[in-house]
Amino acid sequence: MDVELIADELYGLKPSEFTAARDAYVAEARRAKEPATAKAIAALRRPPLAAWAANLLARQRAEEAGQFLTLGETLRQAHRTLDAEQLRAASRRRHQLVTALAHTAAVLAQEAGQPVSDTVLREIEQILHGVLAHPDVAELWGKGRLAKVPEAAVGFAAVAPEEGTVRTTPAKKPAPKEGRGSKDEERVREDKEHVREDKEHVREVEKQRLEVEKRRREDEQRRREDEQRLRELEHARAAAEEADTEVARRERELGEAQQAQHAAATKGDEAADQISRLERELEQARQAEREATAAAAEAGRAVKRAQSALREACRTAERTGREVRRLEQQPGA
């Protein structure tokens with residue numbers, strides 16, 4: 001197992017993902033019977049948020065990081081060779097560049113889903129100052145492997161100026177000694193060339209800082225627009241949810257109304273069938289009534305005829321009886 005490759009991978013992860021991934025590699029090394037590798041991986045420390053954001057800057061802005069590292073080398077050399085006026089000018093440019101790069105790191109962290117606070121932003125600036133002041137910090141940061149926030153670097157304390165090289169007032173130029181004039185002139189030319197290159201580099205860095213600031217403002221504008229769209233989307237979703245709820249309620253009401261309509265229609269059909277049946281029965285009853293009335297009339301007439309025949313029969317019987325009695329009363333009967 002390659003510890004260097006594993007370290008590169010681990011320090012590219014978010015701080016919340018670091019420990020679990022490191023412990024997994026430690027366990028893998030132990031299973032592979034590589035105790036030295038396991039120990040080396042276990043010694044890797046999880047970076048705080050500021051160190052992770054600074055590492056992210058070094059990894060994703062390699063060109064700017066390289067220029068910044070070059071500036072650090074130049075400034076550390078300048079601390080030994082330049083006068084106080086030049087150091088103050090370089091210091092002002094250094095602070096401007098550190099501020100711009102720290103904001104770039106904050107933007108990258110936010111784009112990676114890990115926004116930083118103002119406190120963390122100041123720690124990132126402290127890291128970048130440390131990169132300029134301390135070669136060991138610069139080396140780790142250049143690899144994107146910083147594991148902690150270095151102590152604040154004040155005036156490049158780790159780099160001691162050479163005795164007599166930093167002056168607050170102009171000094172008389174010493175008379176050149178035999179054999180050293182050309183060397184002194186060469187050194188002056190080299191110093192001037194370094195200063196010129198430094199100025200050009202700082203101008204380029206300032207240009208980049210302005211571009212970073214422009215991108216930061218554009219990112220902030222996009223962030224506000226995204227937040228506004230998100231709020232509008234949330235409102236639209238809430239309205240859509242309310243509308244869906246209302247539609248569901250209306251659909252239930254429609255279903256209930258349709259069921260009631262169906263039930264009423266069924267009852268109406270049953271009532272209509274019953275009415276038809278009753279009308280048929282009524283018509284049959286009326287027909288029976290008419291037939292019964294006709295039969296009663298006919299029976300009445302038959303009764304009258306029977307009564308008339310009965311009276312006629314009674315009269316005949318009475319006449320016959322009188323005739324019988326009369327004949328009985330005659331002599332010889």
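In this predicted model, helix 7 and helix 8 meet through I127, L128, G130, V131 and A133 on the helix 7 side and P135, V137, A138 and W141 on the helix 8 side. By class, the residues of this contact are eight nonpolar, one polar and no charged. The two axes lie 6 Å apart at an angle of about 115°, and the crossing is left-handed.

The table lists the axis geometry of each pair.

| Helix pair | Axis distance | Crossing angle |
|---|---|---|
| Helix 7 and helix 8 | 6 Å | about 115° |
| Helix 4 (residues 49-60) and helix 7 (residues 118-133) | within 9 Å | roughly 60° |
| Helix 5 (residues 62-81) and helix 8 (residues 135-142) | within 11 Å | roughly 170° |

The axes of helix 4 and helix 7 cross at roughly 60°, which makes helix 4 oblique to helix 7. Their crossing is right-handed. Helix 4 contributes L49, A50, A51, A53, A54 and L57 to the contact, and helix 7 contributes V120, E123, I124, I127 and L128. These residues comprise 10 nonpolar, no polar and one charged.

For helix 5 and helix 8, the axes cross at roughly 170°, and the two helices are therefore roughly antiparallel to each other. A65, F68, L69 and R76 of helix 5 make the contact with P135, A138, W141 and G142 of helix 8. The division here is six nonpolar, one polar and one charged.

In soluble globular proteins, nonpolar side chains tend to be buried together. The largest nonpolar core of the model has 31 residues, of which L57, F68, I124, I127, L128, V131 and W141 touch the most other members. At least two residues of this core come from each of helix 4, helix 5, helix 6 (84-111), helix 7 and helix 8.

L57 belongs to the helix 4 side of the contact with helix 7. With its neighbours within four places in sequence left aside, L57 is in contact with L101, T104, A105, L108, L128 and W141.

Notes:
Residues numbered from 1 in each chain as written. Predicted model: local features only at pLDDT ≥ 70, side-chain atom pairs only at ≥ 80, totals over all residues. Heavy atoms only, no water. Axes fitted to C-alpha atoms, helices over the stretch in contact; angles between N-to-C directions. Helix = DSSP H or I, 4+ residues; strand = E, 2+ residues; numbered from the N terminus. Parallel < 35°, antiparallel > 145°, perpendicular 65-115°, else oblique. Left-handed = near helix turned anticlockwise from the far one by under 90°. Contact = heavy atoms within 4.5 Å. Nonpolar A, V, L, I, M, F, W, Y, C, P; charged D, E, K, R; others polar. Core = buried A, V, L, I, M, F, W, Y, C linked by side-chain atoms within 4.5 Å. Buried < 20%, exposed > 50% of the residue type's maximum accessible area, 1.4 Å probe, protein only.
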